[in-house]
Amino acid sequence: MQGRDISDLYLHDNTGGGEGVSPPWRTDFLYEHPIIDRKDYIPASEALVRKDLKYFEWPDYNVTQLFDLRSDPGEVHDLINDTHYKARVQSLKARFDAIKIEAASKYRYYKLPKRD
């Protein structure tokens, strides 16, 4: 969980009569779904989710996916092998790895998955 105090978002003076600058807020989050019952039923998945893109990993199957959430909100068209997204995939993978390390350092119960 990446919880955070959100009171700045609703207590902040956005009327222009005071401080007037919105506080910084996150632009992405780490999504994790553990195995339910068995991996052939609902396999584990992890994702970096942004307003426009979702970078997905299925660790038990060594599968990675990328979806453009604005043009494909149903997540039907996997763009992971689309050459137009190559640089974005590298950038998202780096952020995905960093946010997982950040979660592991902040939350004692979180363990990074073992990779071969």
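Me: Starting with helix α2: what span should its residues give, and how far apart are its end C-alpha atoms?
Reply: With 1.5 Å a residue, the 21 residues of α2 (residues 86-106) should span 30 Å, and the end C-alpha atoms are 30 Å apart, which agrees. The expected span is 1.5 Å times one less than the number of residues. Helices (H or I, at least four residues) and strands (E, at least two) are DSSP runs, numbered from the N terminus.

Me: Before I go on, what am I looking at?
Reply: This is a predicted model, in which local features need pLDDT of at least 70 and side-chain atom pairs count only at pLDDT 80 or more, while totals for chains, interfaces and linings use all residues. Residues are numbered from 1 along each chain as its sequence is written, and side-chain values use heavy atoms, with hydrogens and water left out.

Me: Thanks! Which residues of α2 are buried?
Reply: V89, L92, F96, I99, K100 and A103 are buried in α2. Seen down the axis of α2, the buried residues fall within an arc of 105 degrees, so they line one face of the helix. That arc is taken from the directions from the helix axis to the C-beta atoms. Buried means under 20% relative accessible area, exposed over 50%, and partly exposed in between (1.4 Å probe, protein chains only).

Me: Why would residues a few places apart point the same way?
Reply: An α-helix has 3.6 residues a turn, so residues three or four places apart point the same way.

Me: And which residues are exposed on the other side of α2?
Reply: On that side you'll find A87, Q90, I101 and S105 exposed.

Me: OK, what do the buried residues of α2 pack against?
Reply: They pack against β1 (28-33), β2 (45-50), β3 (53-58) and β4 (63-68). Contact here means heavy atoms within 4.5 Å.

Me: What's the strand order in the sheet?
Reply: The open sheet of four strands runs β1-β2-β3-β4 in order, with antiparallel pairing. β1 and β4 stand at the edges with a single partner strand each, so one side of each is left without a neighbour in the sheet. Two strands pair if DSSP finds at least two bridges between them.

Me: How many bridges join β1 to β2?
Reply: Six bridges join these antiparallel strands. F29 stands opposite V49 in β2, and the bridge partner of L30 is L48 in β2.

Me: What direction does α2 make with β2?
Reply: α2 packs on the sheet, and its direction makes about 110 degrees with that of β2. Axes are lines fitted to C-alpha atoms, for helices over the stretch in contact, and angles run from 0 to 180 degrees between N-to-C directions.

Me: Is β2 mostly covered or mostly open?
Reply: Mostly covered, since five of the six residues in β2 are buried. β2 pairs with β3 in the antiparallel sense over four bridges, and L48 stands opposite Y55 in β3. β2 and β3 form a hairpin with two residues between them.

Me: Switching topic: where is P73?
Reply: P73 sits in the loop between β4 and α2. At 64% relative accessibility, P73 counts as exposed. The C-alpha atoms of P73 and K54 are separated by 10.0 Å, and the two residues are 19 residues apart along the chain.

Me: Last one: what pattern does the protein follow along the sequence?
Reply: Read that way, the protein goes α-β-β-β-β-α. Of its 116 residues, 28% are buried.
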